[in-house]
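Keep the viewer open as you read.

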Amino acid sequence: MTGIGKKYTNSNTTSCTQIGHGVLHGCEDIVVDPHTGLAYLACGNLKPRQHWLHPDDDYDYSFESQLDHIYVMDESNEFYDIKLVEKTSDGMLQPFSQDLRLHGFDIHWDPEDSADMTFMLVNHQLDHGAVSIFSYRRGSDHMVHVETVRTELLRSPNNIVAMSKRSFYATNDMKYYRGIMREVAANLRLPTGHVVYRDESGSFDIAANFVGYPNGIARDNDWIYVASCTDPGIQVYKHTASDGLTYHGRTRYWDSIPDNFFVDPQTGQIYSTSFLKVSETHKYFKNPSLNTTTTAGTKLLRLTPRDGDPSKGFDIESLLIDSGKIMPTATIAAVQRRNAIQRLLVGCVMCDFLVVCDNDAAGCFYKASLGVRLYSDKNAELLKGTPKFTRVQPKNAGFRRDGKNTTNADKGKTEWRTSGREELNSKKVGHLLFIGGAVATGIGLMGVAAYYIGTYLYLRSKWPVADEIEGGTVRNLLYLATYYQHLEPNHKRALSALNKALEIINKSGKVSENSVAVLEIKVRIAECMYVEGDKKGADRVLRQIMSDISKNAKCAETASAAEILLFRAAAVLGGICTDESRFEDAILEYSLGLQAVKRLKQQAVSRFDSESLVEYTEIDNINLKEATLTLHLAESFFAQKDMSTAQTLFQGVLAAAKQHRAHLDVAPRIVTDYRTFKDEWACLDAQAMLFLAKIQNHLGNAEAAAPWIVSARSLATERKYVDVPRCIDCMSEIFAELGRMAESRGDTKKALRRYSEAYENARLNFRENQSRYIVDLQRLEQKKK
């Protein structure tokens with residue numbers, strides 16, 4: 001499937017030419033208006049596209065000054081740029097102010113007025129993948145921004161199909177936006193992608209899960225086609241208003257990997273661009289400045305649904321092969337018909353031009369193929385029931401294995417040959433199975449080796465061990481502990497590695513027990529103990545080192561690192577006190593942690609440089625620590641029935657979350673954890689809203705509680721797939737609170753449903769708090785009897 005060692009010869013490309021050099025570059029996707037034949041192209045400069053194609057690579061942010069464009073082109077190659085604008089608060093138009101990095105896109109035409117068009121653009125904004133929606137009037141020189149929507153379900157969006165002016169399906173090609181897990185998933189071809197649906201209300205949900213790198217997506221009425229790259233082929237779904245997407249099978253590509261699809265509105269046929277040599281394509285995407293490569297290879301296929309029903313499979317024709325001389329690669333091929341002109345427009349995400357195949361080529365495409373026709377009508381009976389390992393030959397292959405011509409005398413003996421079948425005996429099958437097993441084993445071993453080597457290098461670069469800690473064994477133990485703490489959580493194994501590392505350090509005597517490096521190991525040990533349920537052990541370890549951490553906090557050289565340790569220690573000690581219902585002690589511990597964070601913040605502000613992205617990230621991380629401890633502190637006051645103080649603190653958490661969003665607008669590349677890329681801000685605001693609703697319910701003001709609980713549910717629902725345990729717990733508790741509110745109104749049926757939802761959410765996510773909802777369910781069931 002990688003095409004290694006294969007050579008391809010150009011076929012059916014004699015009438016294909018390059019146009020628009022230096023202007024029509026990076027045109028990843030093309031949509032043709034079926035009413036007018038005008039083609040709309042999503043194009044962009046090549047340098048900025050490197051950032052979302054290779055998110056882990058170093059990137060020069062000065063490239064962000066180069067803008068992406070939407071062009072409209074007629075049949076004579078005349079084109080112009082459609083300006084993207086937005087409305088100000090007073091209704092005036094101004095240039096679109098958000099990031100714009102175009103990938104796939106689609107257009108919805110109003111059924112009552114085809115000139116009323118809605119553009120849905122996959123937009124790789126610097127801080128998050130998004131879909132930007134614009135309203136456009138055919139013939140206008142500008143389109144007006146309607147909204148930009150985001151969801152954690154679309155961290156890495158690829159392409160989109162519009163279902164209405166608000167609803168759409170979009171592919172999210174990989175679960176991991178960046179980092180070592182993205183590389184591992186790509187190398188092992190793990191099916192971590194999915195298709196997302198946004199409904200008319202604006203809610204998001206996963207419509208199709210566990211898809212192998214879903215790339216292009218296209219629509220033919222209610223049929224939805226998805227291109228899978230790591231399980232190469234086309235997957236067929238059907239959209240229904242009641243059931244969403246239903247799966248109707250797939251057709252596999254055996255010698256190429258698909259990118260985008262274009263559905264011909266007149267015939268329902270699918271035009272599919274595909275890559276022939278994946279490794280060479282990756283090389284070109286990394287270095288497109290060459291503008292051409294003679295080794296990557298592009299193939300264009302046309303798929304025709306059998307009997308007009310895609311669920312029955314497709315007749316597949318190979319229309320075009322290019323070795324890289326005309327088009328280095330291709331990501332979309334669209335049919336344009338306008339004013340008696342019929343031609344193909346071929347775009348590429350990393351090419352400096354557009355390729356047009358004119359009338360002569362189009363005539364070839366629509367009347368003949370390269371002589372390669374799979375699943376055709378002519379061979380339908382031949383292919384029907386053909387075993388998986390049967391080689392299919394032309395029907396007129398009437399020759400013998402010894403090279404002699406077939407005669408009528410031995411015609412009966414060779415009937416199997418003339419029927420196009422070549423028998424496979426047990427020896428050949430065994431040989432094929434052996435080779436296949438050996439190749440699969442080799443690939444598996446290479447994948448495992450790549451995973452562990454890549455993980456080790458990633459740990460070394462993202463979680464470096466202090467230089468004062470020497471010795472390969474100790475350092476590797478600390479990397480192992482980090483792996484089990486952050487990448488593949490197993491705190492028991494992490495604790496074992498940390499204890500062993502500390503034992504070796506103490507025996508060597510080369511590093512002081514009071515050094516920040518050793519104290520940090522001990523804090524990690526306490527954190528693992530707490531997670532594993534050894535609260536007394538965690539408390540004992542932290543109490544023993546608190547004075548040493550405080551001394552380091554007074555030293556200028558170690559102050560910042562020590563303040564962070566004070567924060568981490570306070571979070572654990574406060575959690576222990578809260579678990580034991582010692583809320584006064586919890587308030588004291590959280591307050592001490594907040595003081596440390598505020599000192600840390602003062603240090604960061606004093607050296608803040610508004611031009612440095614790193615500075616914004618550091619401030620945002622400190623704000624996260626402050627907001628987290630403030631939330632825990634507020635929960636402790638709530639538990640003590642001090643509603644006034646709790647309410648003030650929860651509102652402070654909301655203000656901090658709002659400030660975080662403001663920081664994203666100023667410096668959109670800030671991340672709360674550049675190593676795991678988990679959004680630790682997720683659900684902090686939802687948790688604060690939940691408790692603000694609880695406060696109002698406690699005060700007997702159900703009407704004031706309703707807006708808070710509704711807002712909390714909306715936020716938590718949108719983020720329910722974020723891999724953060726507190727988001728899961730927050731969602732369960734929101735359901736439970738809705739149940740309590742329904743129960744207080746006397747609506748037992750609704751309360752029972754809400755408690756059931758709380759329990760199911762906790763149970764399906766293996767959360768330990770599910771038992772508390774069982775109690776509510778049992779109590780309500782008893783009450784109902």
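Two residues count as being in contact when heavy atoms lie within 4.5 Å. This is a predicted model, in which local features need pLDDT of at least 70 and side-chain atom pairs count only at pLDDT 80 or more, while totals for chains, interfaces and linings use all residues. Residues are numbered from 1 along each chain as its sequence is written, and side-chain values use heavy atoms, with hydrogens and water left out.

Start at Ala-162, which belongs to strand S11 (residues 157-162); helices (H or I, at least four residues) and strands (E, at least two) are DSSP runs, numbered from the N terminus. Setting aside neighbours within four places in sequence, Ala-162 touches Asp-106, Ile-107, His-108, Met-120, Ser-167, Phe-168 and Arg-219. With a relative accessibility of 3%, Ala-162 counts as buried (under 20% relative accessible area is buried, over 50% exposed and in between partly exposed, with a 1.4 Å probe and protein chains only). The C-alpha atom of Ala-162 is 8.6 Å from that of Phe-105, a residue 57 residues away along the chain.

Rings of Phe, Tyr and Trp (its six-membered ring) pair if their centres lie within 6.5 Å; planes under 30 degrees apart count as stacked, over 60 as edge-to-face and the rest as tilted. This rule gives 15 aromatic pairs. One of them joins Tyr-456 and Tyr-479 edge-to-face, at 5.8 Å centre to centre and with 85° between the planes. Because Tyr-456 sits in helix H7 (residues 426-462) and Tyr-479 in helix H8 (residues 472-487), the pair ties together parts that are 23 residues apart in sequence. Tyr-456 is partly exposed at 32% relative accessible area, whereas Tyr-479 is buried at 4%. Tyr-483 and Tyr-484 also pair: their ring centres are 5.2 Å apart and their planes stand at 75°, so this pair is edge-to-face. Both of these tyrosines, Tyr-483 and Tyr-484, are buried.

Arg-252 lies over the face of Trp-254, 5.1 Å from the ring centre, and Lys-694 over the face of Phe-691, at 4.8 Å.

Now turn to helix packing, where axes are lines fitted to C-alpha atoms, for helices over the stretch in contact, and angles run from 0 to 180 degrees between N-to-C directions. The axes of H10 (residues 516-531) and H11 (residues 535-553) come within 9 Å and cross at roughly 155°. H10 is therefore roughly antiparallel to H11 (over 145 degrees; under 35 is roughly parallel, 65 to 115 roughly perpendicular and the rest oblique). Among the residues making the contact are Val-523 and Ala-526 of H10 and Val-541 and Leu-542 of H11.

Further along, H18 (residues 725-744) and H19 (residues 748-764) pack at about 165°, with axes 7 Å apart. These two helices, H18 and H19, are therefore roughly antiparallel to each other. Their contact includes Phe-735 and Gly-739 of H18 and Tyr-755 and Ala-758 of H19.

Finally, look at Glu-563 in helix H12 (residues 559-579). Is Glu-563 buried or exposed? With 3% relative accessibility, Glu-563 counts as buried. Beyond neighbours within four places in sequence, Glu-563 contacts Ala-553, Ala-596, Arg-599, Leu-600 and Gln-603.

Terms used: Lys NZ or Arg CZ within 6 Å of the ring centre and 35° of its normal.
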